[in-house]
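Thanks, everyone. Let me put the model on the screen and walk you through a few features.

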Amino acid sequence: MAVDVEPRSEPDADPASAGNSSFASGAKILSIGIASTGIFTFAYLATASHVLSPAAYSRISLCWAIMFVILSVIYRPIEQLLSRTIADRRARGLPGSSLRVPAAIQLGFALVFVITALSLHHEIQHGIFDGSSALYWILVVGVIAYAASYFARGWLAGHQRFALYGGLVFLEATSRFLFALAVAVGIGSGQGAVGLGMAVAPFASLCVIPFAFSRVRVRAPAGVPAADAAREGPAHAGVEEATSDLSLRHGAGFAIAVVGIMLSEQTLMNAGVLIVAIKAGGAGLTSGLTGFVFNVMLIVRAPLQLFQAVQTSILPHLAGLEARESADEFHRAIRITILVIAGFGLAVALGLLLVGPPVMTAVLGNHGFHYGRFGLAAVGLGMGLHLVSGTLNQAALARGQARWAAGAWLIAAVAFVAFVASGHAGVTRVEVGYLLATAVLCAMLSLVYRRGSLPAAVTPITST
């Protein structure tokens, strides 16, 4: 596929201003797309909560939690690796997109999942989904299909194709919601029809891919002369060329560190639901307790999905600033993002304290349980700390401090699981444990951020 190398129309433009403009516009575009995505995701789960029995909704909640734990652990690291690597190369004016190593790692993760899922077929179907074959295959097919979706996200983010990224996740959420809506209006029925949306969504999201590759342009990034980007000639600048600059060792090291981060993040979001389900056994599904705890943690899910807009755009932006050694702009981007998040988190916590219980009951139902306003406010504060931690985490990844960040996330996740599992695993213990764990996480990542780019902490992108 031919790729055009276009010179910058304003060679004297301020690189920092151009980078900030790109980041700001990208975050705005993604915010619109992912805000809509968050609304439809929330609507999907809220509709499922109303149209299914407590037991069926609990099984759907478990399938959702397990699927997105797996997706975040085995696919998000590759999305982050692609985004960071492509953005760094573009900032340095280097050709190619280094696709071979990320693709190989992603394929390896997917194969491990398939082998594991097939070998544990009976245990998953009967031990987790109460004998539902439909939910088992929804889980397997959905996870496999999301491999392409997450790879596309990393490529789009690295090339700052934010409109298409937003379109991808928007199609995913809306197509999934249509299945719950079909049950609500009587076209379909049962947990299988609602759950099918989780398997169909990743296929629907890939509809944007033809638009992504219909016309690919390679521009010289801010501060890099276009002549440098084109010096190797078109034969070396093709997107399909998988360059060897990203070694398997360094790529795998980064991906494994991010696996630890994503596993820990999903532990904070989902372990409470799973621990309650395990401790309560079949009674947790029948009574609806598992679904109730899942609803409480939706306070975390919706803002985190919205924050993906900032995370997706800020990592390539920070990687570019780090490559150009723009320390002041780097710190400014982090500072502004944290201030906005802090204000948002406090507003959410205050709103939950004032009107949380009646709003949650009206929107999601309570399945016979009671929402506590102080517990909801604790989750709201924890959500704010979680988002601040996510921002500091992106700074660590851009600086090559993935291993230090992973250590902080793992400590917080282990502490959360130990706290929730050590006593009666009720909703209050999950709420308090989440707040404490995110506070510890935020403190540790703040220390990592203050370390700066110390040589001992740096894991380079390229081989030397």
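**Charged pairs, a helix pair and a surface patch**

The count of salt bridges here is four. Keep in mind that this is a predicted model. Side chains of opposite charge can pair when their charged atoms come close.

Start with D130 and R59. Their side chains form a salt bridge, at 3.3 Å from N to O. This pair links distant parts of the chain, 71 residues apart. D130 sits in the loop between α5 (121–128) and α6 (133–158). R59 sits in helix α2, residues 54–74. Are the two partners buried or exposed? D130 has 54% relative accessibility, so it counts as exposed, the cut-off being over 50%. R59 has a relative accessible area of 15%, so it counts as buried, the cut-off being under 20%.

Next, R76 and E79. Their closest N and O atoms are 3.2 Å apart, and they form a salt bridge. Both lie in helix α3, residues 76–92. They are three residues apart, which means a separation of about one helical turn. R76 is buried, at 9% relative accessibility. E79 is buried too, at 3%.

Now move to helix α7, residues 162–184. Here R176 forms a salt bridge with E172, and the closest N and O atoms are 3.2 Å apart. Why is the separation about one helical turn? Because R176 and E172 are four residues apart in that helix. R176 is buried, with a relative accessible area of 1%. E172 is buried as well, at 4% relative accessibility. There is a further partner to point out. R153, E172 and R176 are linked in a network of salt bridges.

On to helix packing. Two packed helices are described by the angle between their axes and the distance between the axes. Take helix α16, residues 373–399, and helix α18, residues 427–451. They pack at an angle of about 25°, and their axes are 8 Å apart. Angles under 35 degrees count as roughly parallel, so α16 and α18 are roughly parallel to each other. The crossing of α16 past α18 is left-handed.

Last stop, the surface. Which residues form the nonpolar patch? They are L350, L354, V355, V359 and V363. Together they have about 420 Å² of accessible area. Look at V359, which lies in helix α15, residues 327–364. V359 counts as partly exposed because its relative accessibility is 43%.

That's the tour. Over to you.

How values were computed. Residues numbered from 1 in each chain as written. Predicted model: local features only at pLDDT ≥ 70, side-chain atom pairs only at ≥ 80, totals over all residues. Heavy atoms only, no water. Patch = residues over 30% accessible without salt bridge, like charges linked within 9 Å, V, L, I, M, F, W, Y side chains within 5 Å. Areas by Shrake-Rupley, 256 points an atom, 1.4 Å probe, with all protein chains shown as cover. Helix = DSSP H or I, 4+ residues; strand = E, 2+ residues; numbered from the N terminus. Buried < 20%, exposed > 50% of the residue type's maximum accessible area, 1.4 Å probe, protein only. Axes fitted to C-alpha atoms, helices over the stretch in contact; angles between N-to-C directions. Parallel < 35°, antiparallel > 145°, perpendicular 65-115°, else oblique. Left-handed = near helix turned anticlockwise from the far one by under 90°.
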